[in-house]
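Dear colleague,

Please find the structure below, together with its sequence. My notes on it follow directly after.

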Amino acid sequence: MRTINCFIPFVNAEQVAKTVKGLKASELVANIYLLAGADAEGEVEGCEKITIGNLNSTDTMKKIAAKADSEFVLLYTKYNTLEFGMFAIERMVRIAKDSAAGMIYADHYNVVGETRSNAPVIDYQAGSLRDDFDFGSVLMFNAPLFKKAAAEMDKNYDFAGLYDMRLRISREAELVHMNEYLYSDVELDTRKSGEKIFDYVDPKNRGVQIEMEQACTEHLKVVGAYLAPSFKKIEFSAGNFEYEASVIIPVRNRIRTIRDAIKSVLAQKTNFKFNLIIIDNLSTDGTSEAIEEFTADERVIHLIPERKDLGIGGCWNLGVHHEKCGKFAIQLDSDDVYKDENTLTTMVNAFYEQNCAMVVGTYMMTDFNMNMIAPGIIDHKEWTPENGRNNALRINGLGAPRAFYTPVLREVKVPNTSYGEDYALGLNFSREYQIGRIYEPVYMCRRWDDNSDASLDIVKMNANNLYKDRIRTWELKARIAFNKKK
């Protein structure tokens with residue numbers, strides 16, 4: 001039985017020739033539709049052309065739905081050659097039926113030049129709300145659910161139509177990951193992981209991000225996780241703190257950068273008492289000795305954990321629960337520096353001015369020698385006081401530097417991980433408290449080979465994304481429960 005209608009982006013006959021030939025070879029393919037932009041040229045025998053604007057628009061989704069008269073819709077999302085493995089289409093259909101999936105996606109191979117490499121993807125879960133979630137380029141939908149979702153789309157997005165579609169389908173059925181390598185296509189984006197992660201804060205993508213935020217917010221409202229802009233007030237009177245602020249630096253083997261970080265803290269000019277708590281996580285490269293050079297200054301507290309199981313988050317817990325920790329705990333990574341002598345004052349003032357339990361600043365990306373590099377200033381202006389905590393469930397980070405009202409942080413506690421711990425705190429804090437923002441650069445973020453996310457392999461990148469999706473899933477459930485108690 002021919003049970004699949006296929007939809008592929010079309011520029012010209014040569015571009016789709018191999019893809020079309022491969023699809024026609026399957027007895028399950030009923031019709032092949034070419035999604036053609038205004039500049040598309042020519043025809044392909046046996047295929048019907050559909051004129052579209054943006055491939056990801058609501059209008060395109062509706063035009064696909066109008067032709068979806070088979071059991072499944074197969075959508076290819078790249079303008080490259082797609083090559084399925086042996087019986088891969090048949091395998092996808094079988095699992096789609098067996099699992100009653102709303103959508104099927106699979107592991108695959110990326111082809112760069114003559115090199116073919118594994119491109120595994122990760123499981124979808126309720127918190128997989130990132131609009132850049134990597135499904136690969138082949139999506140197979142349950143056609144009746146696709147048509148139902150398209151019929152219910154009441155907003156016309158230029159860019160967020162496909163995102164809106166998968167959110168709607170995810171509310172009806174499971175999005176199933178087949179961890180089998182079923183097809184190959186050409187990898188176009190060959191940038192390092194550290195270069196890709198800032199795409200959503202690129203000003204040229206602002207229009208896209210506004211639409212994505214709208215689609216995500218509507219989804220949160222439907223599932224009961226949307227939070228209206230109402231926040232707990234803070235008196236800042238809890239505890240008896242000797243210091244107004246403490247800078248927290250977890251560090252392990254950063255001999256090349258730790259002195260710069262410490263100097264940038266001690267150079268701060270304030271009208272309040274502050275200190276620096278360095279949690280030296282069993283360094284072996286001379287970092288400990290470098291820290292000791294500064295301990296004659298009574299503001300510098302050098303802690304070496306007795307435990308050997310601490311990640312960055314665990315080191316934060318050690319520092320925050322120290323008796324000398326100040327009212328506000330302010331982040332500085334061991335390979336970064338504060339922009340100037342006013343950073344601490346700016347961060348602390350924001351707590352009182354914006355009545356918030358957490359403050360996130362703006363930073364500048366630099367090379368090792370403090371020269372600005374692309375993408376430059378990262379200000380996260382996508383955060384708004386009204387909807388920031390909802391949009392936080394869609395984006396993959398909140399910015400830096402981060403600072404916390406210590407009594408709340410001591411209550412919540414930091415996940416003992418070395419990735420995503422700050423994001424988890426931001427989601428948790430924002431459930432009840434306002435998060436303050438500073439949109440002028442106060443921090444210099446050095447990008448170099450030893451950064452945690454400068455250049456990750458796909459296995460590590462997947463593990464990081466899976467964890468952040470899990471964080472979002474937990475927070476989504478917590479917010480649904482939180483709303484039910486109101």
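Leu-282 is placed in the loop between strand E11 (274-280) and helix H9 (287-292). In this predicted model, the phi of Leu-282 is near 60°, a positive value in a residue other than glycine. With a relative accessible area of 28%, Leu-282 is partly exposed. Asn-253 also has a positive phi, of about 55°, although it is not a glycine. That residue belongs to the loop between E10 and helix H8 (258-266), and at 25% relative accessibility Asn-253 counts as partly exposed. Most residues other than glycine have a negative phi, and most peptide bonds are trans.

Two cis peptide bonds should be noted as well. One joins Ala-374 and Pro-375, with omega about 5°; Pro-375 is found in strand E16. Another joins Ala-400 and Pro-401, where omega is about -5°; Pro-401 has its place in the loop between H12 and E17.

The loop between helix H12 (388-391) and strand E17 (402-405) also holds Leu-398. Its relative accessibility is 5%, so Leu-398 counts as buried, the cut-off being under 20%. Leaving aside neighbours within four places in sequence, Leu-398 is in contact with several residues, including Met-358, Val-360, Trp-383, Tyr-423 and Arg-437. His-380 is another of its contacts; the C-alpha atoms of Leu-398 and His-380 are separated by 6.9 Å, and the two residues are 18 apart along the chain. Glu-386, by comparison, is found in the loop between strand E16 (372-378) and H12, and at 49% relative accessibility Glu-386 counts as partly exposed. The C-alpha atoms of Glu-386 and Cys-47 are separated by 48 Å, and these residues are 339 apart along the chain.

Turning to the helices, H11 (residues 343-354) has 12 residues, which at 1.5 Å a residue should span 16 Å; its end C-alpha atoms are 16 Å apart, in agreement with that value. The buried residues in H11 include Thr-343, Leu-344, Met-347, Val-348, Ala-350 and Phe-351. These cover an arc of only 145° around the axis, which puts them on the same side of H11. Asn-355 follows H11 and has a positive phi, near 45°.

Helix H2 (residues 58-67) has Thr-58, Thr-60, Met-61, Ile-64 and Ala-65 as its buried residues. Seen down the axis of H2, they fall within an arc of 160°, so they line one face of the helix. An α-helix has 3.6 residues a turn, so residues three or four places apart point the same way. Against what do the buried residues of H2 pack? Their partners are strand E1 (4-10), strand E2 (29-36), strand E4 (72-76), helix H4 (143-152) and helix H5 (161-170).

The largest nonpolar core has 112 residues, and those with the most contacts inside it are Phe-141, Met-165, Ile-249 and Leu-409. Not counting residues up to four places away in sequence, Phe-141 touches Met-165 and others, among them Phe-72, Val-73, Leu-75, Phe-146, Leu-162 and Ile-169. A second, separate core has 35 residues and includes Cys-47, Ala-101, Ile-104 and Met-140. In soluble globular proteins, nonpolar side chains tend to be buried together.

The structure holds 19 aromatic pairs. In one of them, the ring centres of Phe-84 and Tyr-183 are 6.1 Å apart and the planes stand at 65°, so the pair is edge-to-face. Because Phe-84 lies in strand E5 (residues 83-84) and Tyr-183 in strand E9 (residues 175-186), the pair ties together parts that are 99 residues apart in sequence. Phe-84 and Tyr-183 are both buried. Phe-236 and Phe-328 form an edge-to-face pair too, at 5.7 Å centre to centre with 65° between the planes. This pair links distant parts of the chain, 92 residues apart: Phe-236 is in the loop between helix H7 (206-223) and strand E10 (245-251), and Phe-328 is in strand E13 (residues 328-331). Phe-236 is buried, with a relative accessible area of 8%, and Phe-328 counts as buried at 0% relative accessibility. Ring pairs link Phe-236 and Phe-328 with Phe-351, Tyr-352 and Tyr-405 into a cluster.

Arg-256 is over the face of Phe-368, at 4.4 Å from the ring centre, and Lys-468 is over the face of Tyr-423, at 5.1 Å from the ring centre.

With kind regards

Notes
Residues are numbered from 1 along each chain as its sequence is written. This is a predicted model: local features need pLDDT of at least 70, side-chain atom pairs count only at pLDDT 80 or more; totals for chains, interfaces and linings use all residues. Side-chain values use heavy atoms; hydrogens and water are left out. Helices (H or I, at least four residues) and strands (E, at least two) are DSSP runs, numbered from the N terminus. The expected span of a helix is 1.5 Å times one less than its number of residues. Buried means under 20% relative accessible area, exposed over 50%, partly exposed in between (1.4 Å probe, protein chains only). The arc is that of the directions from the helix axis to the C-beta atoms. Rings of Phe, Tyr and Trp (its six-membered ring) pair if their centres lie within 6.5 Å; planes under 30 degrees apart count as stacked, over 60 as edge-to-face and the rest as tilted. A charge sits over a ring if NZ of Lys or CZ of Arg is within 6 Å of the ring centre and within 35 degrees of the ring normal. Contact means heavy atoms within 4.5 Å. A nonpolar core is a set of buried Ala, Val, Leu, Ile, Met, Phe, Trp, Tyr and Cys residues joined through side-chain atoms within 4.5 Å.
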